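Good morning, colleagues. I would ask you to look at the model on the screen before I go through it.

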Amino acid sequence: MPVTAETQAILDLRAGVPPFNGLTREKAREAMAVLRPEGELEPVAQVFEMAIPGPAGGIPAWSYLPTDDTRDLPTVVYFHGGGWVSGSLDSHDALCRALCNRTGMSVLSVQYRLAPEDRYPAAAEDAYAAVAWINSTNNQLGTRSECVAVAGDSAGGNLAAVVSQMTRDRGGPRIDSQILIYPVTDFNFETESYRVNGCGEYGLTEAAMRRCWDLYLNDDSEGAQPYASPLQAADLENLPRSLTITAEYDPLRDEGEAYAAALGAAGNQSACTRYDGVIHGFVSAFEAVPEGSQALDQIAAELRATFGMD
């Protein structure tokens, strides 16, 4: 189907923005604000700012709570998108608030280290540290430390997939569910979705993704490592149940769907939904793009089913 009217309005808004691969990292980080919903932020019961112990010092994080009584709440650890180079707690504030309210769960948004100041595997190690912290010490927030899901969009979806492999490989902590929103799963630009969607007509481009990978990796050879490209893992067995969300007009569509299929083929519970007529980043634009709101409802239903909250 053609792009939706709401999606076209976003593309028109972005038409005057220089391509990511031509921006300085400072300008790239400013550009993340383009897809943020406008207007008042959705209220939640509580928001706490904190620093989680990490391998290179404190990892900034915001904890969103939907109620004052948190004793029985699972936690969704959220990793923002931005190509491992941009994105922040602020850029995904609206999305995390909506996720908190729609799930009725605690959401912990994590500001992992960004490239090129801190290259691979810094972001992945921060993601692992955040999940480990929830499992061992989250009682200070009063939630159920044994009930944890991970979620993320784009590069954050990559980190959610990677940390699910890391926790399996390292013997814990337990993750119950992984929510992968148009995730980066492979250092590979030869897919059909890159060919038809990556030339600039639909926002995210192949050139921009090449630039992100260049800034993230120390060397191209690292792109074959599963903690950079989770689709490259030799063993995908015994991973958490997953829901993968993809967009029709997204260069990353095929690698996200390939990873979901590979998870299922390895014996894991794996579901995948492609949203037609939309582009990379549509979930962050959930207030303007109806499919983004529908995807959030689907994600919330999956998480509530995971933890028996329906």
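Among contacts between residues at least 6 apart in sequence, what percentage join residues at least 24 apart? In the protein chain, the value is 77%, where contact means heavy atoms within 4.5 Å.

A word on conventions. The model is predicted: local features need pLDDT of at least 70, side-chain atom pairs count only at pLDDT 80 or more, and totals for chains, interfaces and linings use all residues. Residues are numbered from 1 along each chain as its sequence is written, and side-chain values use heavy atoms, with hydrogens and water left out.

Let me begin with the overall architecture. The protein chain contains nine helices and eight strands; these are DSSP runs numbered from the N terminus, helices being H or I with at least four residues and strands being E with at least two. The radius of gyration is 18 Å, close to the 19 Å given by the globule rule for 310 residues, so the chain is as compact as a globular protein of that length. That radius is taken over C-alpha atoms, and the rule is 2.2 Å times the number of residues to the power 0.38. Along the principal axes, the C-alpha atoms fill a box of roughly 50 × 45 × 35 Å.

Of the 310 residues, 57% count as buried. Buried means under 20% relative accessible area, exposed over 50%, and partly exposed in between, with a 1.4 Å probe and protein chains only. As for charge, there are 21 positive and 43 negative side chains, and the centres of the two sets lie 3 Å apart. Lys and Arg count as positive and Asp and Glu as negative, without His and the chain ends; each charge is placed at NZ of Lys, CZ of Arg, CG of Asp or CD of Glu.

Helix α3, residues 93-103, is mostly covered, with nine of its 11 residues buried. The cover over those buried residues includes β1, β2, β3, β4 and α9. After α3 comes G104, with a positive phi near 70 degrees.

Helix α8 covers residues 253-265; at 1.5 Å a residue its 13 residues should span 18 Å, and its end C-alpha atoms are 18 Å apart, which agrees. The expected span is 1.5 Å times one less than the number of residues. Its buried residues, among them Y259 and L263, pack against α5, β6, α6, β7 and β8.

What lies in the loop between α8 and β8? A266 is found there, and A266 is partly exposed, with a relative accessible area of 24%. Leaving aside neighbours within four places in sequence, A266 is in contact with L236 and E237. G267, which follows α8, has a positive phi near 100 degrees.

Finally, some backbone details. The peptide bond from A115 to P116 is cis, with omega near 5 degrees, and P116 sits in the loop between β4 and α4. The bond from G172 to P173 is also cis, with omega near 0 degrees; P173 belongs to the loop between α5 and β6.

Which residues have a positive phi although they are not glycines? W84 has one of about 65 degrees, and Y182 one of about 30 degrees. W84, in the loop between β3 and α3, is buried at 1% relative accessibility. Y182, in the loop between β6 and α6, is buried with a relative accessible area of 1%.
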